[in-house]
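Subject: Model for you to look over

Hello,

Here is the model I promised to hand over. Please open it beside this message.

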2 protein chains.
Amino acid sequence: MERLYLYDTTLRDGQQTQGVQFSTDEKKVIAQALDDLGVDYIEGGWPGANPTDSAFFETAPQTRATLTAFGMTKRAGRSAENDEVLAAVLNAGTPSVCLVGKSHDYHVTAALGITLEENLDNIRASIAHIRAQGREALFDAEHFFDGYKDNADYAVSCCRTALEAGARWIVLCDTNGGTMPSEVSRIVAEVIAAGIPGANLGIHTHNDTEMAVACSLAAVEAGARQIQGTLNGLGERCGNANLTTLIPTLLLKEPYKSQFETGVKPEALTGLTQLSRTLDDILNRVPTKQAPYVGASAFAHKAGLHASAILKDPSTYEHIDPGEVGNARIIPMSNQAGQSNLIKRLKEAGLSVEKGNPALARILDQIKEREAQGYAYDTAQASFELLAREELNLCPSFFDIERYKVTVERRKGASGQYYTQSEAVVVVYVDGEKHMSVSESLDEDRNDRGPVNALSRALIKDLGRYSSVLEDMRLVDFKVRITQGGTEAITRVIIDSEDNHGRRWSTVGVSANIIDASFEALLDAIRWKLLHDSTEA
Amino acid sequence: MERLYLYDTTLRDGQQTQGVQFSTDEKKVIAQALDDLGVDYIEGGWPGANPTDSAFFETAPQTRATLTAFGMTKRAGRSAENDEVLAAVLNAGTPSVCLVGKSHDYHVTAALGITLEENLDNIRASIAHIRAQGREALFDAEHFFDGYKDNADYAVSCCRTALEAGARWIVLCDTNGGTMPSEVSRIVAEVIAAGIPGANLGIHTHNDTEMAVACSLAAVEAGARQIQGTLNGLGERCGNANLTTLIPTLLLKEPYKSQFETGVKPEALTGLTQLSRTLDDILNRVPTKQAPYVGASAFAHKAGLHASAILKDPSTYEHIDPGEVGNARIIPMSNQAGQSNLIKRLKEAGLSVEKGNPALARILDQIKEREAQGYAYDTAQASFELLAREELNLCPSFFDIERYKVTVERRKGASGQYYTQSEAVVVVYVDGEKHMSVSESLDEDRNDRGPVNALSRALIKDLGRYSSVLEDMRLVDFKVRITQGGTEAITRVIIDSEDNHGRRWSTVGVSANIIDASFEALLDAIRWKLLHDSTEA
C-alpha cells in the first residue's frame, strides 16, 4: 500500500467562500474535528493577513495533524529575512509552512512586473529560509496548469527550484479551475518525466467545471501523492476539491482502496456525515441534500422500481453501504421497513422500545403525517423525542396554554422617525393555577427584536414552579423556511436552544401563521428542557 | 466537427429528486425552455406511470427537439404487443421511445427472476416492436458498468441485441453512480472494440461520487456520441450528470470545443444562467451559489489578491468570460469598478443614466451599505429600481404611512380546540387625507393565513385614488431568510408579486422584526406597481 497524504485547507481557502467568515473559536472547533478525522495537514490560515487567522495560530489546539501556516513567497527587491509578510507567517511557529508563488510566466511579468529569473530567486530564497528555520516547506505553484500550457519549461523550472531549495511538497494548483482531468493526467505525467518525483507532488483543484474531484484523482493516478481540498467543498468561486467526497472514494472504491493508505481510519469515516452537517451548522448553511455520500438524499430511493429492489438487496441500487460514512438509507416509509430505523432513533434519544410495541406504528404514522405537513424531524430531534414520548405515555403535560396575544406596532415618533414595538401576553395554567405574563422585546440597545422574541420572554417569565428550571435556557438560533411557495405558503420554524449544562436541542413548529409556528417550536423547546431537568421527569 | 447529441431527462429522471414534483404545466414550460436551449432529445416522462406524465404527453408543446417517452422493456411471458405497460408508452405517440432494460446478469436472475436468454428476448422484441411502428428506439442499459465488470460478454450481448433489433442508441447507464471515470473510459473503449459503434453509444451517469460530469466526458473521449443529463443536475439520490455544467464545457473548453458540434448555439448559451435560476424558481429551490458557470458565486472574487489582479486582466482568475453563460463577475464594490455594471443594470430597468452622473456613486454607496445590512438587490430587482429612482429623483412619494398595528391571538375555543386570528390596522395619508383600514387574514376555508397576509390586505384596502390601480395585484411568493444566526438574527423577506399585465416583480425588506421586514417589502411591491401603472408615474 502506498501512503497518500491529505491536506485540508478548509480554514484558509474554504474561508474564501462567499458568505463564509470563521471566528477564531470556530476555527479551533473545525481544526479539532479535522484532526479527529485523520487528515495529515491542517492549513489554518494566513498569519498576519487578518486578526482572526493570527489569533487562531496563537491559540490553536494541539493536533496530531501537521498544522500549517499559509503565505506567499517573498517579494522582489528584499531578502527573505527582511520580508515582513513572510516574517508574520513564520512567526506563527507552525512545524510546516506553505507558500504560494507564481509558475505562469504571464503572471510573473504582468501581475508581479518582475523578470522570470527574479521570480525563481524569490521561490528559492523563500523555501530555503523556511528550511533554515527547521520547518517543513510546501510550494503552492499558482496557475501551474495554465502556465504549463503556455510555457512548460518555465512552469517546471519553478517546481524544480522549490524542490532543490528543500521543499517537501510541490503542489500543482489549477487556480482558475478550468483544466480538464485528461489534461491534468497528461501534465502530471510529463512533470514526473521531467524529474519532479510523484512522491513530492500535490494537487490543488477548483470546481469551476464540476471537475475538482475528478482532476484530483486523475493527478493521483498519474503519480501525485498529496491531495489538497476542503470539507463540503468550500472555497473561492465554485469551491475547492471536496474532501468529504474524496475521502470515502479513496477508502471505499477501487482502484484506490487497494492501492493507497491514508491517515483516515474506517471508524473516523463513519463520523463523516455528522462532520459535514456540523460544519454547515457552524456556518448556518443549509446542508446540500444531494451531496455525495453525506447528503440527506444520497441514499434516498424515490423511484418505485428502485425502492422495491432495495428491499431485496441494497446493493442493487447503492454503490456503497451508507453506514460506512455514517449516513442512512431513506425509502418510502412502510411500517415493515421503518420500525427498525425507528427503534434505533429512539435508542439515541435514550428510549428503549421493544420490536412489536404497537406504539411504534403510531409513532411512524404520526411522523409520516406531520412530515407531509412540513415538519422536519431529522433536524428537530428534541421535537421527535417529545412526539415519541407522547405516544409512549412518557411525557408529563407540565402546563396548559390558555391563550397568547402578540402585537407589533410601528408608528412615527415626534421626530418623524419610525419606531417599532412588539409586545406579547401569555396566559397559562400550571397545577390548575392561572399565570398571566406580558413582555416587550427590547435588547440592551433598546432596539426591538420582534414578536417571537417577545413571545419567548413572556412564556418563560412565569411558569410557576418551572420558572427556576428555565433560567439557564436561551434561544441561540431561529430558522424560517417556507415549505410551499405562493399564497398557500406554509412556514416551518426551527429553534435551537442551549443551557448551562452544555446541551443544545432543536425543535420545530409548522403553520400558515409564522407566529403560531414559532410558538409551537418554543413550547417544544421548553417542554424538552423541563423533561430533562424538572423533578417530575 | 463531429456531432454530439444532448439528451435531457430533467422531466423524467430529474423528477426522482427528493422533494421535486412537477405539475403538467411546469413540465410544458421546462420542455419549451429546453427546446429554446437546443438539446436534441427531451425525455418527457413515463406515460402511464402517473397522471402528470400521461397528461404532459397529451398536451406537450411542439418542439424542434425529439420528444421521447420513457418506459421499460416488455415483461417475460407475454408478447411486446400484449404488454400493457409498453402499450401505454407507445400510445403517447412520440417520435422516439427509450426503454430501460437489464444488462447486469445478477439483476436479470435476482431482481427479475428470469433467464439471461429471456431477458435478451425481451430486449429484442421490445425494440423491434417500437421500430415496427416507425419510431426511433433507444435502449437504456441499466447497471451497464457494474454488469460489465461482473460479466462483460453478457452486458455487451444485451447492447448488441438492441442494436441488431434496430435501436438508434444504446445508452450505457451507471445506474448506481459508483463507477470511476477511468473505468468508464476503459469500458466504453472495450465496448466499441467489441463491435458496438461509438456513433450509437450514449452515456447516462449519476453523481454519487461527484463524478457524473467527468464520467460523461470520459465516455465521449472514448467514443460515445450521446450524453444524457438534467438541468441543474436534478435526479435520484445525488442527481444525474449536470447539463448546465456539461453544455458550457462542451462549447467553450478544449478539446471538446474544436472537436464537437451540438445543437446549442452560442446565443442560447448566454441564457443558461437565467434558465438555471428559472428552474429553481419553479421548484422553489434556493439556487446553489457555488454552481459551476451559473452560480451567483461562480465568478465572485473574494480573495484580495485575486480581486486586484482581475481589475488588470479578468483572464488572470477566470477560466471563461462569465458573459458567455449569461453570468456576471462579482468583485468587491468600488466606485471605479462598479459604475459600468450599475449603468448596465439601470438600463435593464429602463433608466438611462450617463457615466459621470454623481447619483451613480450615491446609488452604489446605498447598495453597498444596505447589502451589508442583509438586503439582496440581485433578487429584488424592483426594490433596486426604487432605490435608484429615489437617488435620481424619479420616484413620486404616492403615500405616507402614519402607523400600523398587527395582532396575532391564539386562544382555546369553547370546544377545547385552539384557534388563531390575525388582524392588522394601517393608517396612511394620501394627498394629505387620512385613511385608516383594518383587515383579518382568513382564507376561503376560514383558516388564518397569518399577520403578513392581514397587513397586506389592510394596506391595499384603502389607498384613496390608488386603490383601483392595485386591484389586479397579488402576492404570489413570500420567502424568509435569517441572514445572521443566533439571538441577533436579522430577517430578510423577499416578496414576489404579479398582476394581470403578466408582470412579476420582487421586493425586499430587512429587519430584526419579521413583521417590519415584511411590511417594507410589501410597501416596495405596491410602490413599484404604482410607479408603472398610476397616471403620475
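Residues are numbered from 1 along each chain as its sequence is written, while chains are lettered from A and ligands numbered from 1 in the order in which they are written.

**Confidence**

The model scores ipTM 0.75 and pTM 0.76. Chain A has a mean pLDDT of 91, with 96% of its residues at 70 or more. (pLDDT is the predictor's confidence in each residue, from 0 to 100.) One stretch to flag is residues 333-337 of chain A, where pLDDT stays under 50. The model has seven contacts beyond four places in sequence for that stretch. (Two residues are in contact if their C-beta atoms, placed from the backbone, lie within 7 Å.) Where pLDDT is low, the predicted coordinates should not be read in detail.

An open sheet of six strands runs β13(A)-β12(A)-β11(A)-β11(B)-β12(B)-β13(B). Its pairing is antiparallel. (Strands, E, of at least two residues, and helices, H or I, of at least four, are DSSP runs numbered from the N terminus. Two strands pair if DSSP finds at least two bridges between them.) The edges are β13 (433-440) of chain A and β13 (433-440) of chain B, and each pairs on one side only. From one strand to the next, the twist averages 10°.

Where do the chains join in this sheet? Strand β11 (residues 400-412) of chain A pairs with β11 (residues 400-412) of chain B, antiparallel, over nine bridges. Tyr404(A) has Arg410(B) as its bridge partner. Arg411(A) is partnered by Arg403(B).

Within chain A, β11(A) and β12(A) pair antiparallel over twelve bridges. Lys405(A) is bridged to Val425(A) there. The hairpin of these two strands has five residues between them, and Gly416(A) takes a positive phi near 90°. Next, β12(A) and β13(A) pair antiparallel over eight bridges. Ala424(A) stands opposite Ser439(A) in β13(A). This second hairpin has two residues between its strands, with Asp431(A) in the turn at a positive phi of about 50°.

**The interface**

(Nonpolar means Ala, Val, Leu, Ile, Met, Phe, Trp, Tyr, Cys and Pro; charged means Asp, Glu, Lys and Arg; the others, Gly among them, are polar.)

**Helices in chain A**

Helix α18 (residues 451-461) of chain A lies across β11, β12 (418-430) and β13 of chain A. It runs at about 30° to β12(A). (Axes are lines fitted to C-alpha atoms, for helices over the stretch in contact; angles run from 0 to 180 degrees between N-to-C directions.) The axes of α18(A) and helix α19 (residues 514-533) of chain A come within 10 Å and cross at roughly 35°. The crossing is right-handed. (Right-handed means that the near helix is turned clockwise from the far one by less than a right angle; anticlockwise is left-handed.) Among the residues that meet are Leu455(A) and Leu459(A) of α18(A), and Phe519(A) and Leu522(A) of α19(A). By class, this contact has eight nonpolar, two polar and no charged residues.

Helix α5 (residues 116-132) of chain A packs on helix α7 (residues 152-164) of chain A at about 25°, with axes 8 Å apart. The two are therefore roughly parallel (angles under 35 degrees count as such). Their crossing is right-handed. The contact includes Leu120(A) and Ile123(A) from α5(A), and Tyr154(A) and Cys158(A) from α7(A). It has seven nonpolar, two polar and one charged residues.

**The barrel in chain B**

Chain B has a closed barrel of eight strands, β2-β3-β4-β5-β6-β7-β8-β9, with parallel pairing. Its twist averages 25° from one strand to the next. Four bridges join β7 (residues 169-173) to β8 (residues 201-204) of chain B. Val171(B) has Gly202(B) as its bridge partner. Helix α3 (residues 84-91) of chain B lies across β4 (66-72) and β5 (96-102), at about 175° to β4(B).

Best wishes

Technical notes
This is a predicted model: local features need pLDDT of at least 70, side-chain atom pairs count only at pLDDT 80 or more; totals for chains, interfaces and linings use all residues. Angles under 35 degrees count as roughly parallel, over 145 as roughly antiparallel, 65 to 115 as roughly perpendicular and the rest as oblique.
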